[in-house]
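Hi there,

Here is the structure I promised to pass on to you.

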Amino acid sequence: MIRAIKGTRDILPPETAAWNRVENLARQIFAAYNYGEIRTPVFEETQLFARGVGEETDIVSKEMYTFEDRDGASLTLRPEATASVVRAYIQHRLWERPGLTKLYYMGPMFRRERPQKGRYRQFSQIGAEAIGSESPAVDAELLEMLVELLTRAELAGWELRINSIGDSACRPAYLERLRAELAGVREQLCPDCQRRSVTNPLRVLDCKTPADQPIIEKLPRVSEMLCQPCRAHFDALKALLEDRGIPYTVDPRMVRGLDYYTRTTFEFIHGKLGAQNAVLGGGRYDGLSEALGGPKAPGIGFSIGEDRFVLSLAESGVAPPDTALDAYVVWAPEDAAAPRESAASGTAPAGGGAEAAQAAFRGAVFRRASELARELRRAGFTVELQPEPRKLRRGLEQASRQKARYALIVGENEVRQDRYALKHLESGQQREVSRAEIAGALRAPQPA
Ligand code: HAM
């Protein structure tokens, strides 16, 4: 049997309804904040991520799906989308359009991580980027939009953590000090941190190894070394969040795993996710455009891990949208004795049954049943039409198995009188309705 590749998965109904709900909500809310959708390619030149995300990050150094194209070009399945959005910003000279560039995206990302709950090799992100201003008001608005989304999705128990990691003016001095301090304690750290203390010392700060924690706690914090403009920016953001009544905690060790960040970084954490507890993360990247050969274009954005978001909603008891059948249209052909039913439900009648079925499909009963199904579907109901001729009893069994709220029964008499039996399957109550009454009856929460 061919199975889905490790770290990838199929998302099936009814779970996909929960995904659609989140995506629809995100689209509505992003549109209200004037974000337009961007769709970028799933693969890009490897250089884009090497330069954008950073050679020394875990993502670039060990998690990318990189392959050589037939013409020798090195291509990579996108591990994230911010670099692609900024590439598109530069390529299409989006700064020439009036106002900020506000873009959102949703789609699959690829990282070769060790799969576990909430961590996959193909996962989906819903993200947004606001490019063209360094104002802390843009940071605050972006965080407000996220709070709107989490609130309207009914995710309870999230926590917003923020930090500022400085900019090109103050970070180099901080890194120098951090490196110096790390040199003294290097031998006591985990092997990953020993490597990071040389290649990417900032990343030591978000190491999760328990034995390293007491040592890391004593390291200097970037917040102590912020230059005046970075400090003012961070203070302004905090005040704007307080004005909006958005609760946050400052996490001075949150540095995030991508190299493009400057100043504001943030994550929303959800307790029910366990080790992979970040539902979403983001931050400012005021120098990314220039690093990719573009003009000065300060920006900020976030990406929601959609897999994790849907998981936390389920674990918080948010009911997925109702995808139940409103009605199952049961019909019994004119000559009920004629079709020979196959034993297994759902398979077409065999042998001579096929001819009888053809005849049944040309009969008035099936035509009426199809018409009614079509009318109800157009009126917005979710309707299943019995696919083969069956005895009434069998049709009703199928309707129950598929958990339809109602069975609409169409037989010869019903067609003749244009009145139908509507059976509420849970209570077993059945009544006769005219064609015009069916939709109203389905709409009522309880059978009349
Ligand atoms: P990131 O923190 O690498 O940031 O990813 C954002 C979110 O994607 C994470 O918080 C997590 O929910 C989800 N995620 C990451 N890796 C996996 C995985 N292997 N399986 C499942 N979910 C995962 C970024 O990607 C930045 N582009 C965010 C950003 C946008 N910064 C500025 N603009």
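Predicted model: local features only at pLDDT ≥ 70, side-chain atom pairs only at ≥ 80, totals over all residues.

**Ligand contacts**

A nitrogen atom of the ligand lies 2.9 Å from an N or O atom in the side chain of Glu129, a polar contact in the sense of a pair of N or O atoms within 3.5 Å (within protein, one must be able to donate a hydrogen and the other to accept it, and residues adjacent in sequence count only if both atoms are side-chain atoms). Tyr260 has an N or O atom in its side chain 3.1 Å from a nitrogen atom of the ligand.

Residues are numbered from 1 along each chain as its sequence is written, and side-chain values use heavy atoms, with hydrogens and water left out.

**Helix packing**

Helices here are DSSP runs (H or I, at least four residues; strands are E, at least two), numbered from the N terminus. The axes of helix 5 (residues 136–152) and helix 9 (residues 228–243) come within 9 Å and cross at roughly 40 degrees; axes are lines fitted to C-alpha atoms over the stretch in contact, with angles from 0 to 180 degrees between N-to-C directions. The two helices are therefore oblique to each other (under 35 degrees is roughly parallel, over 145 roughly antiparallel, 65 to 115 roughly perpendicular, the rest oblique). Pro136, Ala137, Asp139, Ala140 and Leu143 of helix 5 meet His233, Ala236, Leu237, Leu240 and Leu241 of helix 9, contact meaning heavy atoms within 4.5 Å.

Helix 1 (residues 15–32) and helix 11 (residues 306–315) have axes that come within 10 Å and cross at roughly 110 degrees, so this pair is roughly perpendicular. Helix 1 contributes Glu15, Ala18, Trp19, Arg21, Val22 and Glu23 to the contact, and helix 11 contributes Glu306, Asp307, Phe309, Val310 and Leu313.

**Backbone details**

A cis peptide bond joins Pro13 and Pro14, with omega about 5 degrees, and Pro14 sits in the segment before helix 1. Arg93, a residue other than glycine, has a positive phi near 45 degrees; its place is in the loop between helix 4 (82–91) and strand 5 (101–110).

Best wishes
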